[in-house]
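This report is meant for someone meeting the structure for the first time. Please look over the sequence and the 3D view before reading on.

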Amino acid sequence: MAGYNLEAIEAAPLKEDVDIVIPTIRSLDFLEQWRPFLKHYHLIIVQDGDPSINIRVPEGYDYELYNRNDINRILGPRANCISYKDGGCRCFGFMVSKKKYIYTIDDDCFVAKDPSGKEINVIAQHIKNLETPSTPHYFNTLYDPFRDGTDFVRGYPFSLREGVPTAISHGLWLNIPDYDAPTQLVKPRERNIRYVDAVMTIPKGVLYPMCGMNLAFNRELIGPAMYFGLMGEGQPISRYDDMWAGWAAKVVCDHLGFGVKTGLPYVWHSKASNPFVNLKKEHKGLHWQEEMVPFFQNLRLSKESDTAAKCYLELSKMTKEKLTEVDPYFEKLADAMVAWIEAWEELNPAVDGKDVKAK
C-alpha cells in the first residue's frame with residue numbers, strides 16, 4: 001500500500017484549493033507565529049460582536065474581513081441563522097468560500113511542536129487526511145493505513161481496503177484541554193501534554209464531540225451540513241455550536257458514504273476560558289446533550305436525501321419533530337437550519353449543483 005507523501009504536500013500546499021476561516025473578536029496578532037504555514041493561503045475572517053471595532057490583520061496576508069453588518073447585508077432576512085457572540089459565526093465563512101477545502105482555527109491557538117521539537121504544519125497534515133480515504137466500515141488496528149510506514153493488518157477484508165472519501169479531518173490540541181465547565185472547575189490546572197502520533201477513522205454509526213478550534217473539511221462533500229448551530233446572544237445556549245455541527249455532519253457522512261478522521265495534527269491551545277462564564281453558557285446544553293446524542297444516534301435519513309443539503313433539510317424536520325419537546329428552542333434552531341440551507345444554495349448554486357450524491 002503506497003503511503004501519502006507529506007513532503008510533496010508541503011512543497012505544493014494546494015493554496016488555490018484551501019481557505020482559512022477564522023472567527024474573532026480581537027486583532028489577529030496570533031497570525032505572526034503562523035506566517036510560515038498560512039502565508040500562502042487566503043483568509044476569511046469573521047468578526048464577531050461589535051462591528052465598529054477595528055480588527056488588525058498582520059501585513060502580508062491575503063484576506064476578506066466580514067462583520068455583522070456584512071452578514072446582514074449579504075444574507076438579508078436569513079442573517080439570523082448566523083450566531084452572534086458565539087464561535088458559530090465562523091460558518092458564515094464556510095458559506096462565502098468558494099474553495100474545495102476549509103481549515104478553521106481559533107485565534108487563541110498557536111503552532112505546536114511534535115516530540116522531536118519540529119513545528120507542526122497543520123495544513124499539510126489536514127490535507128493529507130482529507131486527500132486519503134477513510135475506513136469507517138472496519139477498524140484497522142494500526143489506525144490510518146494510508147499513512148507512511150503502515151498498511152492494512154492481516155484479516156482486513158480486501159473488499160473494504162479502497163475506503164471511502166474523507167469529508168472531515170478533526171485535529172487536536174496540546175496544553176489547554178477542550179473541557180466543559182464542570183470538568184474545568186474540577187481540574188483547573190490540568191494540561192494535555194500527551195502527543196499521540198495517530199490518525200484514525202471514526203467508525204460508521206459512532207458519534208464524537210467535534211471541536212471547531214482545529215478543523216478541516218471538504219466543502220464540496222459536506223459543506224451544507226457544517227452548520228455551527230444558532231447559539232450565543234439571544235439564545236438559551238452557547239458553546240455547543242461545534243458539537244451540533246459535528247453530530248449532524250457525522251450522521252450525514254455516514255448516510256452519504258463519507259468518512260471522518262481524528263487525531264493529528266495538533267495545535268497549541270494557549271488560553272483557558274472562564275469556567276464560571278462557560279457554565280452559564282453551557283448549563284442547558286449539559287442537560288440537553290443527554291437527549292440530543294440519542295436523537296442523532298437513532299435517526300435514519302431517507303434514500304431521497306442523496307446530497308448533504310437534502311440530508312440537512314430532512315434533519316431540520318426531524319429536529320423540529322423530535323427535539324421541540326425537549327425545549328421550544330429547537331423549533332427556532334430547526335428554522336435556522338432551513339434558512340442556512342436556503343442561504344447556502346443562493347450563494348453557491350454551482351457548488352450545490354455538483355453536491356456529491358450517496359452511493
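Predicted model: local features only at pLDDT ≥ 70, side-chain atom pairs only at ≥ 80, totals over all residues.

Because 5 of the 5 residues of strand 4, which covers residues 101-105, are buried, the strand is largely enclosed by the rest of the structure.

Strand 4 pairs with strand 1 (residues 18-24), to which it runs parallel and is joined by 4 bridges; within this pairing, Asp 19 stands opposite Ile 102. Strand 4 also pairs with strand 8 (residues 214-218), this time in the antiparallel sense and over 5 bridges, and here Tyr 103 stands opposite Ala 216.

Asp 106 is placed in the loop between strand 4 and strand 5 (109-111). Its relative accessible area is 18%, and because buried means under 20%, Asp 106 counts as buried. Leaving aside neighbours within four places in sequence, Asp 106 is in contact with Pro 23, Phe 30, Arg 90, Gly 212 and Met 213.

His 42 has its place in strand 2 and, at 14% relative accessibility, counts as buried. The side chain of His 42 makes two polar contacts described here, one of 2.9 Å with the side chain of Asp 62 and another of 2.5 Å with the side chain of Glu 64. If residues up to four places away in sequence are not counted, His 42 touches Val 18, Asp 19, Ile 20, Asp 62, Tyr 63, Glu 64 and Lys 99; Asp 19, which is among these residues, is also the residue that stands opposite Ile 102 in strand 4.

Leu 65 is found in strand 3 and is partly exposed, with a relative accessible area of 33%. Not counting residues up to four places away in sequence, Leu 65 touches Ile 45, Gln 47, Ile 55 and Asp 70. Along the chain, Leu 65 and Ala 336 are 271 residues apart, and their C-alpha atoms are separated by 23 Å.

## Helix 3 and its buried face

Helix 3 covers residues 68-75, and Arg 68, Asp 70, Ile 71 and Leu 75 are buried in it. Seen down the helix axis, the buried residues fall within an arc of 155°, so they line one face of helix 3. What covers these buried residues includes strand 2 (42-47), strand 3 (62-66), helix 4 (91-96) and helix 11 (329-347).

At the start of helix 3, a side-chain oxygen of Asn 67 reaches to within 2.9 Å of the backbone nitrogen of Asn 69. Just after the helix, Gly 76 takes a positive phi of about 60°.

## Aromatic pairs and a cluster

How many aromatic pairs does a search of the whole structure find? The search finds 19 aromatic pairs. One of them is formed by Tyr 227 and Tyr 312, which are edge-to-face, at 6.3 Å centre to centre and with 85° between the planes. This pair links distant parts of the chain, 85 residues apart, with Tyr 227 in the loop between helix 7 (219-222) and helix 8 (241-256) and Tyr 312 in helix 10 (residues 308-323). Both Tyr 227 and Tyr 312 are buried.

The rings of Trp 247 and Phe 296 have their centres 5.9 Å apart and their planes at 45°, so this pair is tilted. The pair links distant parts of the chain, with Trp 247 in helix 8 and Phe 296 in helix 9 (residues 275-298), 49 residues apart. Trp 247 is buried, with a relative accessible area of 5%, and Phe 296 counts as buried at 2% relative accessibility. Trp 247 and Phe 296 belong to one aromatic cluster, together with Trp 244, Trp 288, Phe 295, Tyr 329 and Phe 330.

## An annotated position

Arg 154 is listed by UniProt, in an unreviewed entry, for "glycosylation site". In the model, Arg 154 lies in the loop between helix 5 (122-131) and strand 6 (166-175), and is exposed, with a relative accessible area of 83%.

Definitions and conventions: Residues numbered from 1 in each chain as written. Heavy atoms only, no water. Buried < 20%, exposed > 50% of the residue type's maximum accessible area, 1.4 Å probe, protein only. Helix = DSSP H or I, 4+ residues; strand = E, 2+ residues; numbered from the N terminus. Pairing = 2+ DSSP bridges. Arc of directions from axis to C-beta. Contact = heavy atoms within 4.5 Å. Polar contact = N/O pair within 3.5 Å; in protein donor to acceptor, adjacent residues only side chain to side chain. UniProt positions renumbered as here; feature names shortened; annotations may be inferred. Phe/Tyr/Trp six-rings, centres within 6.5 Å; stacked < 30°, edge-to-face > 60°.
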